[in-house]
Amino acid sequence: MSDHPGTVFVIDDEAAMRKALARLLAAAGIPAATFASAPEFLAAYDPAAPGCLLLDLAMPGLNGLELQQALLARGEAPPIVFLTGRAEVSDGIRAMKGGACEFLTKPFEDDVLIAAVQRAFARDAAERARRAELADIRRRLATLTPREFQVLGCVVAGKLNKQTAAELGTVEKTIKVHRARVIEKLQVQSLAELVLLAHRAGLTVAGGSGSPPAAKD
Amino acid sequence: MVPRWLAALRSLLVSSKTRPANGDLMPDQHHLHLASDSAQLALWEWDMTADRIRTTALGRTLFGLTPGNPVRFADLLATVHPEDRAGLEEAVIRARGHRQRYARECRIVLADGSVRWIALRGQVQQPAGDGEIMAGVAFDVSAAKLAEERFRHLVEVSPTGHLISGADGRIVFANATAAGHFGYPAAALAGRSMDSLLPGHTRLAATLGGGTARTTCDLAGQRGDGGEIALQMTLTRLPGTDDDLLLTSLVDISERKRHEEQLLRGRRFLRDVIDGNPCLIFVLDEDGRFTLANQRLADLHGTTPDSLIGKYATDLWPPATAGTAGDSEERIVDAQGRHRLFHMIRRPVAGPDGKGQTMLGIGIDITARKESELEIERQRNELAHLSRVTMLGELSGSLAHELNQPLAAILANAQAAQRFLAQEPPNLAEVADILADIVADDRHAGSVIQGLRLLLKKGEMRQEPVDLNEAVRAVLKLVRSDLLNAHVAAVATLAPDLPAVRGDRVQLQQVLLNLVANASEAMAGVAVGQRRLAIVSAVDSSGMVRLSVADRGCGIAAGDLERVFEPFVTTKAQGLGLGLAVCRRLVEAHGGRLWAETATPAGACFHFTVPAYTEATP
């Protein structure tokens with residue numbers, strides 16, 4: 001099923017469970033890679049590879065929650081479906097706070113697991129699409145001159161050309177030229193589209209004297 | 001009627017003065033003289049009218065009279081001992097008056113003061129015209145008198161009492177000893193009836209045969225002071241008497257009776273001691289028959305001690321119980337059919353005759369002790385079970401996890417299999433693999449449940465070989481999930497070739513489980529990376545198998561190292577504080593020891609030892 005959007009990374013210290021999960025996923029046509037411990041996974045993990053984690057909560061050494069924290073600390077947050085032998089609310093809360101997408105208690109029904117994995121995949125795909133779009137916007141924003149960036153800030157803030165010209169200490173005509181250049185460089189069709197794009201890029205109205213936003217995921 | 005010999009005598013005595021009337025008499029006189037001298041008989045004649053006494057030479061010698069001088073009756077009396085004088089005189093006077101014979105014995109006091117007993121026999125002759133004449137003989141009876149005196153002395157000083165009684169049953173003689181027996185002066189007994197002193201005497205005497213026949217019996221003599229005296233009485237006839245004199249000899253047997261009674265009392269006391277003893281006491285002869293059995297033994301078999309004598313022990317008991325010397329525990333079924341347990345001690349002892357091989361047996365009833373021991377064991381097992389149940393309750397999360405794991409794998413595998421089967425074509429190879437895994441997982445779950453059931457089981461302590469290394473592994477499996485949650489890393493250093501120990505696997509696992517759970521809890525306040533639990537198995541220098549569980553927790557104060565084993569001493573919010581107390585009792589029931597030490601660098605270390613299993617140990 002190479003056409004599938006990603007791989008499930010199964011991390012469980014119990015060999016039998018690991019094997020059963022991989023099998024179930026395979027039967028559902030979902031590719032899976034198995035790891036016996038959190039360190040083993042961390043050593044092999046490539047954040048670029050799409051997919052999600054099927055993570056056992058209780059493991060010797062680094063446990064599931066600790067692995068989640070470690071990934072967050074590294075700035076990599078693949079969707080995680082937690083598996084646990086015992087349903088303890090405190091663990092569930094911690095996992096969800098860390099951005100877990102599912103918290104399943106063993107034993108679980110196959111379709112529940114597969115649905116959870118599918119949702120995680122969808123979330124991963126959405127996240128990856130969002131990140132790709134953002135990267136594209138940033139790439140386009142990066143082509144703007146500082147002056148054009150200042151003008152963009154004022155446009156997004158909803159200022160009139162006259163106001164912008166006054167703020168930047170120039171004439172309205174010059175501002176109009178900058179605006180046309182910005183719209184051209186950012187490849188948008190309308191002013192509304194420009195505002196939306198700027199918003200996606202995380203540009204705020206705060207302060208006209210902006211600079212391109214720091215790359216943040 | 002003058003006897004012929006007296007006429008001759010008279011002729012003899014007058015021979016020196018008168019000529020014989022005819023020659024015929026001469027040989028008679030001569031012969032009589034010869035005869036009287038050789039018989040040591042003195043002849044005498046007293047002319048009472050003239051008061052002249054004539055006698056043969058032997059007569060003068062006997063009376064110590066000087067030859068030649070005429071002798072009168074008074075002269076003769078003067079030689080007689082003063083005490084006998086009056087009696088003699090009276091007898092002579094009576095004989096003279098009644099013209100009778102007389103016989104008298106009296107003492108003569110000689111010039112040198114010595115005394116001689118003589119017997120006098122005399123008779124008044126029919127006067128032949130020349131006045132009254134008394135004539136007779138005298139002879140020395142000193143020897144007979146001395147013998148009689150000695151015999152009398154013998155009788156008087158004899159430790160045996162002697163009574164002589166006549167046919168009328170009245171006493172004619174009593175010696176001092178006999179008088180002493182009855183508490184009277186000797187003289188006071190004469191004339192008393194024998195029956196008043198010795199009841200039944202007459203009746204007994206009537207049964208006595210003639211001649212030298214004798215009869216002996218023990219009886220109680222009636223003392224003058226109203227008391228009684230134990231006497232052994234022997235009745236014989238006094239020899240040579242016509243008037244049926246009975247000699248009654250009496251030996252004081254009070255002392256013997258007292259001894260006998262003392263002995264009897266002693267025996268009775270000893271018997272009471274033996275019968276009052278709550279133990280079985282018996283003696284068997286070399287054939288295995290009872291020669292002694294006490295009341296307790298008789299009671300046990302619903303009989304009497306006497307009726308057991310002579311019975312074979314094997315009639316009551318199996319041969320092993322009846323058995324030979326040594327100690328053993330024996331089960332005896334009593335008369336009510338109840339089983340009693342006895343500690344039997346058998347020792348060979350010399351028989352009462354100092355010979356033979358007799359067996360002294362003592363049986364101590366240990367039924368109650370055994371029962372209480374069993375009760376204690378039962379309670380210990382009960383407590384151990386309770387403590388296990390409590391502990392397993394605390395472990396239930398971990399156990400649920402242990403069960404959940406294989407169940408989850410089984411479900412996932414089964415559902416995967418369903419999917420593989422639904423494919424076109426069905427992936428049967430994969431399904432076969434899955435089924436194998438499902439079987440394995442199911443077996444794993446089964447083993448968890450089995451272990452759990454074992455721990456929850458209520459049972460008597462078993463005695464079987466147990467591999468403590470295996471027990472460690474089983475316990476670590478049970479608590480795996482708990483230890484994971486508590487971030488405790490457990491390291492087991494198990495000695496290879498560890499000998500098996502004798503005991504109950506469940507109970508030993510319980511002890512381990514307790515120690516591991518305690519160690520884990522003790523480290524709750526320690527930094528996560530430092531929570532290390534070390535389990536070590538080894539054989540110690542004395543050959544015992546030792547298990548140590550060490551933690552890195554806060555440790556135990558030196559003063560509390562023993563206190564932690566007291567019941568209800570606990571540092572936990574939950575729990576009764578019985579865990580370690582129960583553990584110590586369990587280990588001690590295995591013949592081992594459980595103690596705590598302070599570990600280095602930090603924490604506490606609990607050790608327990610259990611004896612290694614050997615075929616020989618019972």
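Trainee: Why is A:E102 called buried?

Mentor: This is a predicted model. A:E102 has 17% relative accessibility. Buried means under 20%, so A:E102 counts as buried.

Trainee: What makes A:R119 and A:E102 a salt bridge?

Mentor: The N to O distance between their side chains is 2.4 Å. The rule asks for a Lys or Arg nitrogen within 4 Å of an Asp or Glu carboxyl oxygen. The pair therefore qualifies as a salt bridge. A:R119 lies in helix α5 of chain A, A:E102 in strand β5. They are 17 residues apart, and the pair links distant parts of the chain.

Trainee: Is A:R119 buried, partly exposed or exposed?

Mentor: Partly exposed, at 46% relative accessibility.

Trainee: Why are A:D136 and A:R139 said to be about one helical turn apart?

Mentor: Because they are three residues apart in helix α5 of chain A.

Trainee: What makes B:D285 and B:R289 a salt bridge?

Mentor: Their closest N and O atoms are 3.4 Å apart. The limit is 4 Å, so the pair counts. B:R289 is partly exposed, at 26%.

Trainee: Which helices of chain A supply at least two residues of the side that touches chain B?

Mentor: α1 (15-27) and α5 (110-141). The largest share, eight residues, comes from α1. The side of chain A divides into 13 nonpolar, two polar and 12 charged residues.

Trainee: How much area do chain A and chain B bury between them?

Mentor: About 2,200 Å², 51% of it on carbon and sulfur atoms. In chain A, the residues that lose the most area to chain B are A:R23, A:A27 and A:R86. Together they give 30% of what that side buries.

Trainee: Which residues touch the most other members of the largest nonpolar core?

Mentor: B:L468, B:F606 and B:F608, in a core of 49 residues. B:F606 touches B:L515, B:W595 and B:A596, among others. A second, separate core of 32 residues includes A:C52 and B:I410.

Technical notes:
Residues numbered from 1 in each chain as written. Chains lettered and ligands numbered in written order. Predicted model: local features only at pLDDT ≥ 70, side-chain atom pairs only at ≥ 80, totals over all residues. Heavy atoms only, no water. Buried area = accessible area lost by both parts, 1.4 Å probe. Helix = DSSP H or I, 4+ residues; strand = E, 2+ residues; numbered from the N terminus. Nonpolar A, V, L, I, M, F, W, Y, C, P; charged D, E, K, R; others polar. Core = buried A, V, L, I, M, F, W, Y, C linked by side-chain atoms within 4.5 Å. Buried < 20%, exposed > 50% of the residue type's maximum accessible area, 1.4 Å probe, protein only. Contact = heavy atoms within 4.5 Å. Lists of a residue's contacts leave out its neighbours within four places in sequence.
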